[in-house]
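Me: Hi! I've just opened this model and would like to talk it through with you. Can we go over it piece by piece?

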Amino acid sequence: MSYRYIPEEQKQLVLTMSLRGMRVKDIVKATGICRRTVARIKGTWKSTGEVVRKSLENGRPRVLSSLEVSYLESLVERTPDIYGRELQYALFVAYNVDVDVSTITRALHRRGFTRKKVSFLYVNIVHC
């Protein structure tokens, strides 16, 4: 069994041929795509409405769930100067999830949190 990439446009053409009544044997002869692949394209279209399955998210699955990241957000909003190690410990205690501090900072960064420094002048103006 050899793998060959088939572009989405070509799969769309195979589907169009099939929907217009062309037999699978004739599609195989015209396109050079094997019978099983033609059947797979038709099956994907029947189940999803598309000729290609597209994942909801690209890349590796996230280690932290959205609930766990929301918990981290609430900790940061409650205590803005909390350290990464403290977040790591709180996450472990609350959810029994042991992840690296860099995973926590990246998850918070994806949610819009940054490590911007507050200037001393701004702090004095706010507290006056």
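Me: Where does Tyr71 sit?
Reply: Tyr71 is in helix H4; helices here are DSSP runs of H or I with at least four residues, strands are E runs of at least two, and both are numbered from the N terminus. Keep in mind that this is a predicted model, where local features need pLDDT of at least 70, side-chain atom pairs count only at pLDDT 80 or more, and totals for chains, interfaces and linings use all residues. Residues are numbered from 1 along each chain as its sequence is written, and side-chain values use heavy atoms, with hydrogens and water left out.

Me: Is Tyr71 buried, exposed or partly exposed?
Reply: Tyr71 counts as partly exposed, because its relative accessibility is 21%. Buried means under 20% relative accessible area, exposed means over 50%, and partly exposed is in between, using a 1.4 Å probe and protein chains only.

Me: And what does Tyr71 touch?
Reply: Leaving out residues up to four places away in sequence, Tyr71 touches Ala90, Leu91, Ala94 and Tyr95. A contact means heavy atoms within 4.5 Å. Tyr71 and Ala90 are 19 residues apart along the chain, and their C-alpha atoms are separated by 9.4 Å.

Me: Moving on to H6, which of its residues are buried?
Reply: In helix H6 (residues 101–110), those are Val101, Thr103, Ile104, Ala107 and Leu108. They lie on the same side of H6, because they cover an arc of only 160° around the axis. That arc is taken from the directions from the helix axis to the C-beta atoms. As a reminder, an α-helix has 3.6 residues a turn, so residues three or four places apart point the same way.

Me: What do they pack against?
Reply: The buried residues of H6 pack against helix H4 (66–78) and helix H5 (84–95). Leu108, for one, touches Leu72, Glu73, Val76, Leu87 and Phe113, again not counting residues up to four places away in sequence.

Me: What follows H6?
Reply: Gly112 does, and its phi is positive, near 105°.

Me: How many residues are in the largest nonpolar core?
Reply: It has 13 residues, and those with the most contacts inside it are Leu64, Leu72, Leu87, Leu91, Val99, Ile104 and Leu108. H4, H5 and H6 are the elements that give two or more residues to this core, and H4 gives the most, with four residues. A nonpolar core here is a set of buried Ala, Val, Leu, Ile, Met, Phe, Trp, Tyr and Cys residues joined through side-chain atoms within 4.5 Å. There is also a second, separate core of nine residues, which includes Ile27, Ile33, Ile41 and Val51.

Me: OK, over to Thr31. Buried or exposed?
Reply: Thr31 is buried, since its relative accessible area is 17%. It lies in helix H2 (residues 24–31).

Me: Which backbone atoms does its side chain reach?
Reply: The side chain of Thr31 reaches the backbone oxygen of Ile27 at 2.7 Å and the backbone nitrogen of Ile33 at 3.3 Å. Beyond residues up to four places away in sequence, Thr31 touches Gln10, Val14 and Met17.

Me: What about Gly32, buried or exposed?
Reply: Gly32 is exposed, with a relative accessible area of 54%. Gly32 is found in the loop between H2 and helix H3 (35–48).

Me: Last one: how many helices does the protein chain have?
Reply: The protein chain has seven helices and zero strands. Buried residues make up 25% of its 128 residues.

Technical notes. A polar contact is a pair of N or O atoms within 3.5 Å; within protein, one must be able to donate a hydrogen and the other to accept it, and residues adjacent in sequence count only if both atoms are side-chain atoms.
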